[in-house]
Structures are given as C-alpha cells and as structure tokens.
Amino acid sequence: MDKNPLAVNIAGVKFKNPLIAASGTFGYGLEYSEIYDVSKIGGISLKGLTLLPKEGNDSPRIAETPSGILNSVGLQNPGTKAFVNDYMPKIKKLGTVLIANIAGNTLEEYAQTAKIVSASGVDMIELNISCPNVKQGGMAFGVEPDSVRAVTEKVKENSSLPLIVKLTPNVSDITKNAAAAQKGGADAISLINTISGMAVDYKTRRPVLKNVTGGLSGPAVKPVALKMVWQVYNTVDIPIIGMGGIMSYTDVLEFIICGASAVQIGTANIYNPTAMPEILADLERYFKENNLTLEELKGTLIV
Ligand SMILES: Cc1cc2nc3c(=O)[nH]c(=O)nc-3n(C[C@H](O)[C@H](O)[C@H](O)COP(=O)(O)O)c2cc1C
C-alpha cells in the first residue's frame with residue numbers, strides 16, 4: 001500500500017504529490033532546477049508548445065494589477081522540433097511527471113503536435129484550447145462544446161498518452177465544455193486558464209499591454225476558479241486538476257475540497273521562485289498533523 005498521503009494517480013500516471021507547475025510560469029523547469037530540486041514537486045506542465053516556433057506578442061506583455069498579473073505573452077515557444085531535440089534530453093532528467101501543453105490554430109496542427117510530442121518521452125498531454133482558431137474565423141476552440149469535443153477526439157486519435165483538456169473560464173457555462181471534453185475522450189480536465197481582461201494608463205490613455213487585452217491570473221481569480229472546479233466536479237467523472245490564484249497550502253486544500261484531485265501553481269512561481277517547495281512542506285505537515293489523505297479530503301465540500 002502507498003503510505004504517502006499526498007500521492008495521487010491521474011489517468012494511470014503516478015504523482016508523488018498533487019502540486020504541478022502551471023504551464024507558462026515554469027518554462028521547461030530547467031531554470032527552476034538551478035534553484036531547488038524540482039523532482040520534489042508532483043509534475044510540470046511545460047511551457048505551451050505549437051508545431052512551429054512562435055515569437056509571441058510584442059512588449060509590453062505583462063502588467064501588474066492589484067491582485068494578480070495580466071499577460072499577453074502569446075505562446076512564445078521554440079516549436080516541437082527544438083523541443084524534442086534540444087530540450088527533452090535535459091528535461092527528461094528532472095525526475096518528475098512531465099506534461100506537454102500543446103496549442104494550435106487548426107485541428108491538423110493539434111494532431112501533428114500531439115503526435116510529435118507523444119514520441120518525445122513526456123508522460124501526458126495537456127490541451128490548451130483557449131487560443132484563437134484561425135480556420136473558424138478567430139473563435140477559440142475552447143469556447144463551443146462542439147469544437148471542444150472535436151479537438152479532444154482529434155488529439156486522442158493521434159496520441160496514446162493520457163490527455164488532460166484545459167478549459168477556459170471565458171464562457172457562459174463551463175460545465176458544457178467539461179462534458180464535451182469527457183465525451184471526446186479526455187482522461188482529465190484542468191481549469192482555469194486566465195480570465196480575459198485589460199489594464200489602462202489614464203495618463204497616456206493607452207492600454208498597458210501592446211496587445212490591448214490579456215489574461216488575468218493570480219489571487220484575484222481564485223474565487224472564480226473554485227466555483228468552476230466545484231461546478232465541473234459535479235458534472236464529470238474524470239479527475240480534475242484545479243488552478244487559479246493558488247499562493248499557499250490553504251488555497252490547495254480549498255481546491256481539493258471543491259473536488260480537485262491535484263492542482264497547478266502558476267503566478268505564485270513568478271512572485272516567489274520557491275513557492276512550490278514551501279507550499280509542499282506546509283501541505284505535508286497539514287496532512288500528517290490531521291492524519292488525513294488527499295483522497296479522503298477530495299470533494300468534501302459541505303453545502
Ligand atoms: C506568463 C503566463 C504564461 C502562461 N502561459 C500559458 C501557456 O503557455 N499555456 C497554458 O495552457 N496556460 C498558460 N498560462 C496560464 C496558467 O497556466 C494558469 O492557467 C493561470 O495562470 C491560472 O493559474 P495561476 O493563477 O496560478 O497563475 C500562462 C499564465 C501566465 C501568467
């Protein structure tokens with residue numbers, strides 16, 4: 001029997017603990033591995049990947065807000081070829097669960113990217129479907145349940161790795177998209193991606209971000225994320241990975257109580273590079289002191 005109270009199994013993949021670094025806030029883990037032993041954390045959702053290299057949006061692309069950050073990085077990444085040849089040999093040695101976070105403009109791009117990263121040695125795929133879909137007139141794949149299901153099915157056809165579908169909160173009813181992902185064959189769901197927003201400089205009367213709008217993350221989004229995790233937990237049967245504004249171990253506990261099997265930590269890494277090992281130490285102490293396991297706490301919200 002596994003005696004580790006924090007161990008979690010998601011779609012057959014074993015995590016030492018439920019703390020996963022959120023995509024785009026942890027790079028490929030290599031810089032962080034110079035600061036601490038990243039094999040301690042449960043996993044890493046690697047920086048978003050597209051088939052071909054992408055430069056991202058023009059600067060400024062990060063704006064500070066009172067309780068979080070607004071970003072419009074725009075999926076800057078080296079592309080699948082460089083990822084497989086230059087990065088994977090180093091990332092493989094990090095000793096933690098590796099999740100490739102993939103995005104694309106078309107179904108075919110998703111399919112090809114999934115195929116290439118599946119052969120690279122990562123453990124799972126996370127589908128980022130909140131990027132503009134050029135072929136459908138700029139609509140996001142993640143907004144309409146039909147396209148959520150279609151892209152999920154397409155990636156499942158092209159990869160045998162366990163698939164996490166990451167949902168956008170910028171919709172009227174997230175449960176419909178969660179159900180569509182499950183129907184399409186998703187093995188797990190992660191949520192939330194950033195909430196669309198903007199920042200304005202009253203002196204210049206210009207938007208702070210060159211891209212005008214961006215995605216809000218950090219403590220400001222936590223109440224929205226908790227609500228959506230709870231809603232999705234009551235809708236699907238597959239495991240949920242919750243995220244949005246987690247800064248401390250008590251935030252982690254709140255997500256688990258709302259039904260998350262594991263969590264991702266994003267903006268906290270930007271504020272404090274050692275946030276994850278610090279949260280992990282607190283979490284280990286809490287579970288020990290309370291003689292609890294993660295599984296016993298999951299979905300125990302009393303309403
Ligand atoms: C600078 C930055 C870059 C991000 N890049 C990605 C990305 O490449 N793919 C993705 O799925 N999510 C990306 N995200 C979203 C995060 O993974 C996460 O869903 C979101 O920030 C909410 O969690 P947090 O409040 O803990 O940061 C990014 C977020 C930030 C702040």
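Reader: What makes the strands a barrel, and in which order do they close?

Author: In this predicted model, 8 strands close into a barrel. The order is β3-β4-β7-β8-β11-β12-β17-β18, with parallel pairing. From one strand to the next, the twist averages 25°.

Reader: How do you know that β7 and β8 pair?

Author: Two strands pair if DSSP finds at least two bridges between them. Strand β7 (residues 97–102) and strand β8 (residues 124–128) are joined by 4 bridges. The two therefore count as paired. They run parallel.

Reader: Which strands does helix α8 touch?

Author: Helix α8 (residues 275–289) packs on the sheet, touching β3 (19–21) and β18 (262–265). The direction of α8 makes about 175° with that of β3.

Reader: Why are α3 and α4 called roughly parallel to each other?

Author: Look at the angle. The axes of helix α3 (residues 145–157) and helix α4 (residues 174–183) cross at roughly 30°. Angles under 35 degrees count as roughly parallel. So α3 and α4 are roughly parallel to each other. Their axes come within 8 Å, and the crossing is right-handed.

Reader: Which residues make that contact between α3 and α4?

Author: From α3 come P145, V148, R149 and T152. From α4 come K176, N177, A180, A181 and K183. By class, the contact has 4 nonpolar, 2 polar and 3 charged residues.

Reader: What meets what where α4 contacts α5?

Author: I174, T175 and A178 of α4 meet M228, Q231 and V232 of α5. The contact of α4 with α5 holds 4 nonpolar residues, 2 polar and no charged.

Reader: What makes a residue part of the shell around the ligand, and which come nearest?

Author: A residue counts as near if its C-beta atom, placed from the backbone, lies within 6 Å. There are 26 residues around the ligand. G24, G48, S217, G266 and T267 come nearest. The elements giving two or more residues to the shell are β6 (68–71) and α7 (267–271).

Reader: How many residues of each class does the shell around the ligand have?

Author: The shell has 9 nonpolar, 15 polar and 2 charged residues. Gly is among those counted as polar.

Methods:
Residues numbered from 1 in each chain as written. Predicted model: local features only at pLDDT ≥ 70, side-chain atom pairs only at ≥ 80, totals over all residues. Axes fitted to C-alpha atoms, helices over the stretch in contact; angles between N-to-C directions. Contact = placed C-beta atoms within 7 Å. Parallel < 35°, antiparallel > 145°, perpendicular 65-115°, else oblique. Left-handed = near helix turned anticlockwise from the far one by under 90°.
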